[in-house]
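Dear colleague,

Please find the structure we discussed below.

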Amino acid sequence: MKALTILLLFLGTLAATAKPKIAYVNMDVILTNYYRKAMVEKDVQDRIEALKSSPRVLAVQEMDAKLKELADTVRDKTQKEATRETAAEEFNSISIEYPALMEEMEQFLTEEKRKATTELVETIEDIQAEVRAEISAIGKSEGYDLILERGGKTSSQVSPIIYLRDGTDLTEMVLSRLNANAPAEEKEEESGEATATPE
């Protein structure tokens, strides 16, 4: 409410002096289509996926397979009694080690996923700052008095900007500048995607 009051006072001041030059952007669309954000998210997904083949996970999988093999041997009535007894002893021995190994693996996975998620959040915050800086640069170079964010939602899940007369949508301009240095393959993917902004 305080921010809205300040905005109205600002607009009132501008209206009293000259017709304000106002534009808006949709941050949701910009962030969704900015190649750096997509690359960071893919990198985190790849890191989490790679955890499935980490030594700790493979060790647990090998132990699972060994326990199953031993259990099958113990249940197999066609096996010699001595073989089944040896298998049962080995099964019991491995079963004692199993909980600790499982706990170590789960702690490792939890910690690695936490690290990856934390790095993702921090990087996205940096990306958001970069986007805001680009919007500010466009605002200064193009002579805009005010650039509003249209993609945000209020508590009623409605965009705070319902109507804006003579407002210019700078979303595509911002995206174009941000994606100017995208790798060739990223640019090809973006050219095939529609990035329509909501009315």
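This is a predicted model: local features need pLDDT of at least 70, side-chain atom pairs count only at pLDDT 80 or more; totals for chains, interfaces and linings use all residues.

Residues are numbered from 1 along each chain as its sequence is written, and side-chain values use heavy atoms, without hydrogens and water.

Helix α4 (residues 55–75) and helix α5 (residues 81–142) have axes that come within 9 Å and cross at roughly 155°. α4 is therefore roughly antiparallel to α5 (angles over 145 degrees count as such). The crossing of α4 past α5 is left-handed (the near helix is turned anticlockwise from the far one by less than a right angle). Their contact comprises 18 nonpolar, 3 polar and 7 charged residues.

The axes of α5 and helix α6 (residues 171–178) come within 10 Å, crossing at roughly 115°; here the crossing is right-handed. In α5, the residues E130, V131, E134, I135, I138, S141 and E142 meet M173, V174, R177 and L178 of α6 (contact means heavy atoms within 4.5 Å). The residues of this contact divide into 6 nonpolar, 1 polar and 4 charged.

A137 also lies in α5. With a relative accessibility of 37%, A137 counts as partly exposed (between buried, under 20%, and exposed, over 50%, with a 1.4 Å probe and protein chains only). Its C-alpha atom is separated by 9.8 Å from that of V174, 37 residues apart along the chain.

Yours sincerely

Key. Axes are lines fitted to C-alpha atoms, for helices over the stretch in contact, and angles run from 0 to 180 degrees between N-to-C directions. Helices (H or I, at least four residues) and strands (E, at least two) are DSSP runs, numbered from the N terminus. Angles under 35 degrees count as roughly parallel, over 145 as roughly antiparallel, 65 to 115 as roughly perpendicular and the rest as oblique. Ala, Val, Leu, Ile, Met, Phe, Trp, Tyr, Cys and Pro count as nonpolar, Asp, Glu, Lys and Arg as charged, and the others, Gly among them, as polar.
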